[in-house]
Amino acid sequence: MPATVQFLYGTCTLCYNPNRTHKGASLTASQAHPASSLDANYDDQDRRFAAAFRLLEDAIAAHAFPAASVAVTHEGKLCVWRSMGRFTYATDSPQPEPNTIFDLASLTKVIATTSMAMVLYERGLLDLDMPVISIVGEFAGEDPRRDEVTLRMLLAHSSGLPAYEKLFLRAHTRSELLATAFSTELAVDPGARAEYSDIGFIILGIALERLADESIDRFCQREVFGPLGLTQTTFNPAAELRSAIPPTADDRSFRHRIIQGEVQDENASVLGGVAGHAGIFSSAYDVARFAHALLQGGRPVFRPETVTLFGTREISPEGTSRALGWDTPSAPSQSGRFFSARSFGHLGYTGTSLWIDPERNVSITLLTNRTWPDCSNQAIKQVRPRFHDAVFEALALTNPSSG
C-alpha cells in the first residue's frame, strides 16, 4: 500500500479476526488468507495517461465537477492513482490528495450492501428467491403483488418499486422513514420491468440486517472492509476527518448547511448515515483495492462463483442491464465503448463510479463531487465514458472484446 495513505482503522490485521464466526458459520479457508496485494505501477502515469488526465482537467475547468480522484488497475497492478482540482471552485479551496475520501453515494449499493448479500448467500443465510415479507413483515400490505417481491428482485431492481421518493420530506426520524419506505406503493407488477430503485435498496438493507442480526456498517467493517484492507472505507466519517473530505452540497432547503463529511443523500441522512442505498465514504485507492479483489476471484471474502453469479446480467425482465446489485454495459453506456460484455459496474449520484472488466482484468474508479454546489450539473455524463475510453486507449485495449 502506498505509504501516504492515512489509515482510518489501522492495519488489516487489526480489523480482521480470521477466527471470528458469525451466526454459527465459520470462515472458509480462503477467507482466512490475507487480502491479495495490489502492486503499484503508476510511476509513468503522467505520460501514459496524459490524454485521460487532460479530459478530467478540462472538465474541472469547465465546472463539470470541482475535484476528482482516480485509480485504475490492470493485470493486478495499480497503474493510475491521481487526484486533481480543488474541493470547490474557489481558487483558495484545498486540493485533494490521491487518498482523499469522497462520498460514494450509490456505490454503497455494491461495495457494502451487495457484498453483505454475497457473504450471507455463501453462508446459507440468504435465499435469493425468498419473499421480502418473510423477513420484513412490514412490507406486506393490501396489494397482493407485494407478496411476490423477492430479495433477488430488490437486488436486480425489478421489484416494481418506484425509482426514488423524497421520503425525508414527510419522515423526520429513522423509524418514520423506514415505515414510509416499507409502505411505498408498487409502481408496476413485480418482475415486469427493471427500474433502478433507491427505495428497494433501503428495504434490502433492512432485510440483510435482520438476516445477519447486525447493522450493515458493523457487518461490512468486520466481514468485508477489514479482510480486504479497506482502511479508508466507512459510514459516517469521524468529525475530525470531515474537513479533509470534499463537500457535496450547499443544502439551503433541507439541512440548511454545507454538506461535508456527511452523506449527501437526504433519505440516508434521516436514516443516520447508514443505509442500504447510500452512506459509504472511501478513497479511490480503497475502491480500486475492492475491485482488484473481485478481479482476483473475490478472495479472501468471496468465492469466485459468487462473484460471477452476482456480476452476471439477469435474464429477466427482458431487456434489463441489471445484475444482482451491479449494472452491466448497455448501449449507450456510462462505461464507454471498450468494457467487455462480461463487465459490471455502478454509478453514484455524487459523481462516483466503478467499472470492472474480468475479461480484460481492468478496473476504473472515478470519484468526484459533481453535486457541488447543487445537483443540477449533469456534465459528468459526457465526461465519464470519454474518460473510460481514454484509459482503454492508453492501455492499448481498444480491440473489440470477445464478449
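Trainee: Leaving aside neighbours within four places in sequence, which residues is Leu-151 in contact with?

Mentor: Leu-151 is in contact with Leu-126, Asp-127, Leu-128, Met-130, Val-132, Ile-135, Leu-204, Ala-207 and Leu-211, where contact means heavy atoms within 4.5 Å. Please note that this is a predicted model, in which local features need pLDDT of at least 70 and side-chain atom pairs count only at pLDDT 80 or more, while totals for chains, interfaces and linings use all residues. Residues are numbered from 1 along each chain as its sequence is written, and side-chain values use heavy atoms, with hydrogens and water left out.

Trainee: Which residues touch the most other members of the largest nonpolar core?

Mentor: Leu-151 and Trp-326 do, in a core of 84 residues. The largest share of this core, 10 residues, is supplied by helix 7 (residues 198–212). A nonpolar core is a set of buried Ala, Val, Leu, Ile, Met, Phe, Trp, Tyr and Cys residues joined through side-chain atoms within 4.5 Å. Buried means under 20% relative accessible area with a 1.4 Å probe and protein chains only; over 50% is exposed, and values in between are partly exposed. Helices (H or I, at least four residues) and strands (E, at least two) are DSSP runs, numbered from the N terminus.

Trainee: And the second core, how many residues does it have?

Mentor: That separate core has 29 residues, including Ala-52, Leu-56, Val-70 and Leu-395.

Trainee: Moving on, is Ala-71 buried or exposed?

Mentor: Ala-71 counts as buried because its relative accessibility is 0%. This residue belongs to strand 2 (residues 67–74).

Trainee: What does Ala-71 touch, not counting residues up to four places away in sequence?

Mentor: Ala-71 touches Leu-78, Val-80, Trp-81, Ala-284, Ala-288, Ser-363, Ile-364 and Thr-365.

Trainee: Why is the pair of Phe-339 and Trp-355 tilted?

Mentor: The pair is tilted because the ring planes stand at 45°, with the centres 6.0 Å apart. Phe-339 lies in the loop between helix 11 (304–311) and strand 9, and Trp-355 in strand 10 (residues 352–357), so the pair ties together parts 16 residues apart in sequence. Phe-339 is buried at 7% relative accessibility, and Trp-355 is buried at 2%.

Trainee: What about the rings of Phe-339 and Phe-392?

Mentor: Their centres are 4.7 Å apart and their planes are at 75°, so this pair is edge-to-face. Phe-392 lies in helix 12, so the pair with Phe-339 ties together parts 53 residues apart in sequence. Both Phe-339 and Phe-392 are buried.

Trainee: Which residues do ring pairs link into a cluster?

Mentor: The cluster consists of Phe-338, Phe-339, Trp-355 and Phe-392.

Trainee: Last topic: which residues of helix 6 are buried?

Mentor: In helix 6 (residues 174–182), Leu-177, Leu-178, Thr-180, Ala-181 and Phe-182 are buried.

Trainee: What do the buried residues of helix 6 pack against?

Mentor: They pack against helix 7 and helix 9 (266–270).

How values were computed: Rings of Phe, Tyr and Trp (its six-membered ring) pair if their centres lie within 6.5 Å; planes under 30 degrees apart count as stacked, over 60 as edge-to-face and the rest as tilted.
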